[in-house]
There are 2 protein chains.
Amino acid sequence: MAEKTWVRMVTAQTPTNIAVIKYWGKRDETLILPVNDSISVTLDPAHLCTITTVAVSPSFDQDRMWLNGKEISLSGGRYQNCLREIRARACEVEDKEKGIKIAKNDWEKLHVHVASYNNFPTAAGLASSAAGFACLVFALAKLMKAKEDNCELSAIARQGSGSACRSLFGGFVKWIMGKAEDGSDSLAVQLVDEKHWDELVIIIAVVSSRQKETSSTTGMRDSVETSLLLQHRAKEVVPKRIKQMEEAIKNRDFGSFAQLTCADSNQFHAVCLDTCPPIFYMNDTSHRIISCVEKWNCSEGTPQVAYTFDAGPNAVLIAHNRKAATQLIQKLLFCFPPSSDADLNSYVIGDKSILKDAGIEDIMDVEALPPPPEIKGCPEMQRRCELFHLYETW
Amino acid sequence: MAEKTWVRMVTAQTPTNIAVIKYWGKRDETLILPVNDSISVTLDPAHLCTITTVAVSPSFDQDRMWLNGKEISLSGGRYQNCLREIRARACEVEDKEKGIKIAKNDWEKLHVHVASYNNFPTAAGLASSAAGFACLVFALAKLMKAKEDNCELSAIARQGSGSACRSLFGGFVKWIMGKAEDGSDSLAVQLVDEKHWDELVIIIAVVSSRQKETSSTTGMRDSVETSLLLQHRAKEVVPKRIKQMEEAIKNRDFGSFAQLTCADSNQFHAVCLDTCPPIFYMNDTSHRIISCVEKWNCSEGTPQVAYTFDAGPNAVLIAHNRKAATQLIQKLLFCFPPSSDADLNSYVIGDKSILKDAGIEDIMDVEALPPPPEIKGCPEMQRRCELFHLYETW
């Protein structure tokens with residue numbers, strides 16, 4: 001090993017993903033094995049992603065991690081599982097220029113420092129842990145030159161946070177629940193890449209950026225233990241929906257896609273409500289958004305927008321195309337008007353050109369933030385669709 | 001028949017009932033046959049009841065009805081079914097003093113006038129149609145001297161509004177779904193009378209007195225057609241719960257009673273949410289009430305209060321005893337304080353003595369309204385438990 005002064009660093013950026021067929025319920029709490037398959041869409045990393053820098057140096061005397069600038073403990077089983085699994089796959093690293101040489105066996109003795117940053121609210125039902133663990137595993141794999149492909153890495157990220165396994169690909173991704181007791185076949189595969197259905201536009205209506213009262217982990221466990229509907233959903237309903245959803249995505253059939261997406265979101269929240277004590281992730285504003293979309297879709301005769309809600313009140317709205325997205329923005333601004341002194345630049349972020357299409361001129365062009373240095377994002381993770389953020393003033 | 005000037009009148013009062021194991025879904029829309037058994041508690045008629053006067057006179061040239069002072073059409077199938085079934089069971093009536101004699105066959109030619117009044121908001125999820133149709137059928141049966149007992153009358157009331165069949169008894173009542181295609185065995189039976197468990201105190205928190213957006217009839221039909229959880233609930237979950245609930249009531253086991261009541265209310269609303277488009281009867285205030293009760297029950301270690309919500313946001317809260325009811329009132333007034341200029345006499349109605357127990361002195365004694373004349377309430381319908389109304393200022 002080289003002298004003690006060197007530091008090797010890798011920075012990676014990983015987008016979050018939103019399930020359109022939901023994951024809710026584990027059959028194995030430790031290995032994080034789900035009770036059903038799930039399918040997600042990967043979001044544009046420009047506005048909803050985790051950026052993680054991992055560093056290794058002989059001068060580090062323990063593994064440490066900072067999340068959004070605040071040190072957090074790595075002692076939890078989920079972090080330990082990810083670190084152990086990646087270390088077991090670490091390979092020799094040599095950087096002659098910097099005088100670094102790390103043999104395969106050295107990784108057991110070296111410690112890592114991790115700095116992770118979410119560019120969106122943590123634990124508000126926007127799948128922050130999905131992007132977080134996917135990014136951690138991906139960055140560590142690059143740092144340690146692990147040779148596993150993203151499919152194999154997904155099975156490791158899964159042990160950090162179940163839905164993290166779906167964040168290692170762009171486009172539409174399926175998490176196969178698997179059958180093996182050791183979880184080796186519970187991993188993510190890409191169904192189609194982000195180019196397959198690129199007319200879709202995703203708009204997120206942020207109803208609240210507060211942390212949710214019931215964490216997904218606790219809520220899911222309570223549902224498995226107490227809901228009398230969950231197993232029926234997992235065994236009888238979801239398997240059929242997964243097939244239908246794969247067909248809808250393959251054929252770019254927005255009508256079926258929207259119907260399945262909305263129905264599955266509602267059924268997931270139904271199972272939460274059937275839990276004892278009941279879990280409410282949606283609130284009256286979420287309900288108003290649903291009613292607004294349902295009425296619009298009904299009046300058009302064919303769905304224009306699908307909605308889905310994760311473990312929080314924020315709406316993820318998937319518009320059929322740019323025209324529908326423009327109309328959606330108009331409807332949202334009409335139903336949930338910003339206060340008169342609101343800065344629309346902070347009220348709505350994302351691709352401002354859609355706002356201009358929607359007839360809203362009071363938007364300055366804002367420079368995109370410069371990308372962080374030395375980003376190792378895999379190509380599949382890049383831009384899927386436009387993304388908007390309606391900030392909470394309602 | 002006597003000369004044209006006479007009028008024969010009967011007035012009846014019928015309480016509403018609240019299901020603790022819910023009815024949601026019909027297997028026959030016309031006969032109103034349910035997909036599962038249900039169990040209800042009958043409320044004190046003093047504060048939540050229908051008062052109906054039915055009159056017959058040779059001078060009436062058509063059947064007419066007034067609901068809360070406004071004439072409504074009787075042409076609907078539900079009214080026609082009830083009128084037809086009761087007329088078919090009409091018997092000879094003689095009142096020598098008034099010079100009235102109606103032969104069995106005369107009833108086919110005579111018309112009735114019906115005046116019905118609810119002392120609570122109509123169609124706000126407080127089962128107004130249940131009390132309404134039960135009272136109509138009961139009053140008509142008395143008017144026409146039908147010899148059927150309340151069990152048999154319940155099968156007629158069921159054809160007006162399903163849950164009406166449970167309002168013909170006090171105490172706890174079970175609506176047996178039946179098997180016969182003609183619905184003849186789909187009727188209500190009393191499980192225990194109102195004296196069996198008389199320490200229970202019911203408090204209704206009126207969150208909104210507005211009419212609900214989705215009527216029970218429409219919502220139920222949509223659920224049967226679109227919810228993939230409803231049949232599982234009806235076939236697998238409810239039959240077991242019915243048995244457990246009967247046991248809990250028989251043994252006055254409040255712990256089991258509360259657990260089953262809350263779980264079944266939540267599951268009913270879960271099925272509503274699983275409907276396409278989703279139905280939301282509860283709102284954020286309903287959720288706050290549930291959280292408040294769940295936290296309290298959890299902190300006490302044993303349930304103090306059960307909650308159940310029908311097709312609306314109003315909470316029906318069943319307290320274990322008077323002490324728990326007193327504490328509940330205190331908690332509700334603390335969590336949902338009346339505005340400073342609110343008249344507590346209208347904010348809280350019912351047995352004011354519980355308010356005094358709760359340390360709230362600013363309550364005048366209000367005279368009970370005089371009872372309407374010539375009430376033919378059957379004895380089983382009388383007082384079951386105290387009842388409160390928290391008016392909407394939240």
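This is a predicted model: local features need pLDDT of at least 70, side-chain atom pairs count only at pLDDT 80 or more; totals for chains, interfaces and linings use all residues.
Strand β7 (residues 64-67) of chain A and β11(A) run parallel and are joined by four bridges, where strands are DSSP runs of E of at least two residues, helices are DSSP runs of H or I of at least four residues, and both are numbered from the N terminus. Two strands are taken to pair if DSSP finds at least two bridges between them.

Residues are numbered from 1 along each chain as its sequence is written, chains are lettered from A and ligands numbered from 1 in the order in which they are written, and side-chain values use heavy atoms, with hydrogens and water left out.

Another part of chain A holds an open sheet of four strands with antiparallel pairing, in the order β2-β5-β12-β13. Its edges are β2 (17-21) and β13 (187-192) of chain A, each of which pairs on one side only. On average, neighbouring strands of this sheet are turned by 35° against each other, direction ignored; axes here are lines fitted to C-alpha atoms, for helices over the stretch in contact, and angles run from 0 to 180 degrees between N-to-C directions. Across β2 and β12 (172-176) of chain A lies α6(A), which runs at about 100° to β2(A).

The backbone has some local features to inspect. In the loop between β3 (26-28) and β4 (33-34) of chain A lies Ile32(A), which has a positive phi of about 55° although it is not a glycine. The peptide bond from Cys276(A) to Pro277(A) is cis, with omega near -5°, and Pro277(A) belongs to the loop between α6 and α7 of chain A. In chain B, the bond from Cys276(B) to Pro277(B) is likewise cis, with omega near -5°, and Pro277(B) is found in the loop between α6 (254-273) and α7 (284-300) of that chain.

Contact, meaning heavy atoms within 4.5 Å, takes in 21 residues from chain A and 22 residues from chain B. The area buried between chain A and chain B, that is, the accessible area (1.4 Å probe) that two parts lose on being put together, summed over both, is about 2,200 Å², and carbon and sulfur atoms give 67% of that area. In chain A, Leu229(A), Leu273(A) and Phe280(A) lose the most area to chain B, together 25% of what that side buries.

The elements that give two or more residues to the side of chain A that touches chain B are α5 (230-250), α6 (254-273) and α7 (284-300) of chain A, and α6(A) provides the largest share, five residues. Across this interface the rule finds zero salt bridges, a salt bridge being a side-chain nitrogen of Lys or Arg within 4 Å of a carboxyl oxygen of Asp or Glu.
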